[in-house]
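Hi everyone, thanks for making the time this morning. I'd like to walk you through one structure, so let me put it up on the screen.

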Amino acid sequence: MGILLGRWDCEYCSKKGIPADVRHCPSCGNPVGQNVKYYLPDGSKDYVDQKVVPKGEDWKCGYCESYNRYEDTICNNCGAPKGAGKDYFQNHAENAAKNSSADSSGNNTYYDRSGGTSGSASSYYSYSQKKDFNYWLKWIIAGIAVIAVIIGIFAIFTPKEKTLTVESFSWERILYIDKYKTVSESAWNMPSGGRLRYTRDEIRSYDHQFAGYRTETYTEQEIDHYESYVSGHRDLGNGYFEEIIDQRPVYKTVTKTREVPQYVDVPVYDTKYYYDIDRWSSDHTVVTKGIDKEPYWGQEPSSGSGSPKIGDERVSSRSESYCVIGTLSGSKNSRSYEIGYNDWEKLKKGDSVRCKVYVSEKIELLKG
């Protein structure tokens with residue numbers, strides 16, 4: 001098992017990828033922070049001798065909350081011994097406060113772990129506050145963007161209320177006509193009323209039948225041996241990571257034979273009937289249309305009494321549509337809109353009516 005050197009990111013200046021054996025940020029001079037999270041960079045191969053690896057996890061100073069190596073007996077940042085509490089440097093803190101009041105700048109000096117100064121305490125806290133502000137600012141901007149998108153989508157699909165100025169009208173009515181006539185059909189059974197023309201034996205289905213076995217050659221994967229590999233890394237809590245070694249099988253390809261059943265599809269024949277039969281069948285349409293307010297239905301075929309005869313016609317169904325041509329408020333172009341007959345019948349040329357306009361460009365007249 002190998003030992004790899006981890007990395008850490010400075011929580012003060014955001015410098016990335018600092019080696020774990022470097023205890024102070026090379027950019028701002030601050031020590032390893034209390035929120036440090038050691039990690040291994042992708043593809044890390046930075047192996048170290050196990051002799052240099054600390055025997056245990058880092059410990060946090062009770063006074064300044066900096067992290068120190070396991071074997072250190074005093075804090076490398078403030079000098080407090082291992083296990084000291086917040087009151088250890090009380091006298092030192094009082095003296096530092098007096099010195100701070102005498103400082104012409106009015107700011108406390110912030111000392112790094114090497115004993116040098118790295119700026120005032122006020123500037124240090126200002127940087128921290130600025131970092132927090134930028135973090136939350138990004139989330140606020142993202143939230144505003146999401147809300148704007150939702151409002152935009154809602155605005156697109158919400159129908160708009162506008163005024164339609166009526167310019168003209170159009171209508172169309174359609175009669176769908178069936179005709180009673182002789183048609184030629186085929187089926188596996190002779191229907192009532194059919195007049196047989198001829199029959200023919202045809203394939204109606206297939207029967208899946210067993211036809212024996214055949215020898216088939218195939219390949220199969222078998223375990224040949226096992227090999228060791230690094231399946232992960234164990235965080236030792238002190239900036240170093242230990243490789244986790246597992247075993248995995250290595251396969252080889254083996255050629256084998258087996259007997260495979262064979263099947264054939266045997267056609268099943270049956271008698272198919274070809275015949276003539278008299279039926280109602282779709283034949284044509286009768287369309288009437290206009291650009292006035294006087295819609296009417298086209299000529300309907302006369303319906304005879306009793307059983308239908310060849311050549312008789314009937315109306316099987318009918319459809320109708322009514323459109324108003326006009327211009328919506330805020331638009332310069334007129335166009336046609338389909339509406340219901342009851343609304344269409346009440347409108348007159350020159351009317352201005354309120355309506356809802358949907359994203360599909362359909363309209364709905366508003367009452368009142």
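This is a predicted model: local features need pLDDT of at least 70, side-chain atom pairs count only at pLDDT 80 or more; totals for chains, interfaces and linings use all residues.

Let me start with T288, which sits in strand β11, residues 240-290. Is T288 buried or exposed? Its relative accessibility is 9%, so T288 counts as buried. Its side chain has a polar atom 2.8 Å from the backbone oxygen of Y296. Beyond residues up to four places away in sequence, T288 touches W171, E172, R173, Y296, W297 and G298.

Now over to R234, in strand β10, residues 195-235. With a relative accessibility of 39%, R234 counts as partly exposed. Leaving out residues up to four places away in sequence, R234 touches Y240, F241, E242 and I244. Have a look at I3 as well: the C-alpha atoms of R234 and I3 are separated by 9.5 Å, although the two are 231 residues apart along the chain.

On to salt bridges, of which the structure holds 23. I've picked a few. R7 and D46 meet through their side chains, at 3.3 Å from N to O. R7 is in strand β2 and D46 is in the loop between β3 and β4, so this pair ties together parts that are 39 residues apart in sequence. R7 counts as buried at 16% relative accessibility, while D46 is partly exposed at 29%.

Another pair is D178 and R314, with the closest N and O atoms 3.8 Å apart. Since D178 belongs to strand β9 and R314 to strand β12, the pair ties together parts 136 residues apart in sequence. D178 is buried, at 11%, and R314 is partly exposed, at 36%. There is also a network of salt bridges linking R200, E202 and K272.

Let me finish with D351, in the loop between α3 and β14. A polar atom of the D351 side chain lies 2.8 Å from the backbone nitrogen of K348. Setting aside neighbours within four places in sequence, D351 is in contact with L164, T165, V166 and K346.

That's my tour, and I'm happy to take questions!

Definitions and conventions. Residues are numbered from 1 along each chain as its sequence is written. Side-chain values use heavy atoms; hydrogens and water are left out. Helices (H or I, at least four residues) and strands (E, at least two) are DSSP runs, numbered from the N terminus. A polar contact is a pair of N or O atoms within 3.5 Å; within protein, one must be able to donate a hydrogen and the other to accept it, and residues adjacent in sequence count only if both atoms are side-chain atoms. Contact means heavy atoms within 4.5 Å. Buried means under 20% relative accessible area, exposed over 50%, partly exposed in between (1.4 Å probe, protein chains only). A salt bridge is a side-chain nitrogen of Lys or Arg within 4 Å of a carboxyl oxygen of Asp or Glu.
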